[in-house]
Amino acid sequence: MKTNLKILIPMIYIGLSVFQCDLFDPKSKITNNELVEIVTLQQLNANSMSEGQKLGLTIAYSHRFSVKNGPQLFCREYSTAYLEKQAEWELDIEQTYATIGNAIGIDIVVERINGPCAISNKISACHYDGVDGINDLIPYAYSTEGEHQYLIPAYIYYGITNLKNAKEACEGYNGTYVCYDPSKCWQ
């Protein structure tokens, strides 16, 4: 074993010396402008990804909720752990959200999606721990309209009137609230 190490260590040293890569070249530093571009691209990518993908879940199906002929409100995603619940939970989904929408003054459209769901102008998310004995997360992603025009009014419709903001609404059901745009999140 000692003989192998005596041979291996010099070989590694020679290999590193001969095959230096630009990654370790001090001349190739990132400029401030390049760093800003990298951070901006990461932020844009984070906002365009689905919450489930971002959390590393394998998303089986999703629902995107929008105002009819208007902005997207939110997405709700289900991992493969919820496949057996899909038929049950989608049975009267349009009617359920039409009733909620009528009560809060929004014409809500439900889009059924096979796979992940992303919304434009995502500002926040709420990740629920699971339901019906299934422990996989159920991620929601909200737009500004989703937080302000839908979330709190829907809670009020169900009789929960003491909420001040979207963060409280999320945490009220043991969810984890994530704000992507502090200037727009309702927290």
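Modeller: Contact here means heavy atoms within 4.5 Å. With that cut-off, and leaving aside neighbours within four places in sequence, Thr80 is in contact with Thr58 and Ala60. Please keep in mind throughout that this is a predicted model.

Colleague: How many helices and strands are there in the chain, and what pattern does the chain follow along the sequence?

Modeller: The chain contains 7 helices and 6 strands. Read along the sequence, these elements follow the pattern α-α-α-β-β-α-α-β-β-β-α-α-β.

Colleague: Among the contacts with a separation of 6 or more, what percentage is accounted for by residues 24 or more positions apart?

Modeller: As background, the chain has 187 residues, of which buried residues make up 35%. Of the contacts in the chain with a separation of 6 or more, the share that joins residues 24 or more positions apart is 61%.

Colleague: Is Thr80 buried, partly exposed or exposed, and what is its relative accessible area?

Modeller: Thr80 is found in the loop between E2 and H4, and its C-alpha atom is separated by 9.5 Å from that of Gly115, 35 residues apart along the chain. Buried would require a relative accessible area under 20% and exposed one over 50%. Thr80 falls in between and is therefore partly exposed, with a relative accessible area of 42%.

Colleague: Which side chain of opposite charge is nearest to Glu77, and how far away is it?

Modeller: Glu77 lies in strand E2, residues 72-79, and is buried yet has no salt bridge. A salt bridge needs a side-chain nitrogen of Lys or Arg within 4 Å of a carboxyl oxygen of Asp or Glu. For Glu77, the nearest side chain of opposite charge is Lys122, at 7.6 Å.

Colleague: Which backbone nitrogen does the side chain of Glu77 reach?

Modeller: Leaving aside its neighbours within four places in sequence, Glu77 is in contact with a set of residues including Ser50, Gly52, Tyr61, Cys117 and Pro139. Glu51 also belongs to that set, and the backbone nitrogen that the side chain of Glu77 reaches, at 3.2 Å, is that of Glu51.

Colleague: Why are the buried residues of H5 on the same side, and what arc do they cover?

Modeller: The buried residues of H5 are Ile93, Tyr97, Ile100, Gly101 and Ile104. An α-helix has 3.6 residues a turn, so residues three or four places apart point the same way.

Colleague: How far apart are the end C-alpha atoms of H5?

Modeller: Helix H5 has 12 residues, 93-104, which at 1.5 Å a residue should span 16 Å. The model agrees with this, since the end C-alpha atoms of H5 are 17 Å apart.

Colleague: What is the phi of Asp132?

Modeller: Most residues other than glycine have a negative phi. Asp132, found in the loop between E4 and strand E5 (138-143), is partly exposed at 48% relative accessibility. Although Asp132 is not a glycine, its phi is positive, at about 55°.

Terms used
Residues numbered from 1 in each chain as written. Predicted model: local features only at pLDDT ≥ 70, side-chain atom pairs only at ≥ 80, totals over all residues. Heavy atoms only, no water. Helix = DSSP H or I, 4+ residues; strand = E, 2+ residues; numbered from the N terminus. Buried < 20%, exposed > 50% of the residue type's maximum accessible area, 1.4 Å probe, protein only. Lys, Arg positive; Asp, Glu negative; His and termini not counted. Polar contact = N/O pair within 3.5 Å; in protein donor to acceptor, adjacent residues only side chain to side chain. Expected span 1.5 Å × (residues − 1).
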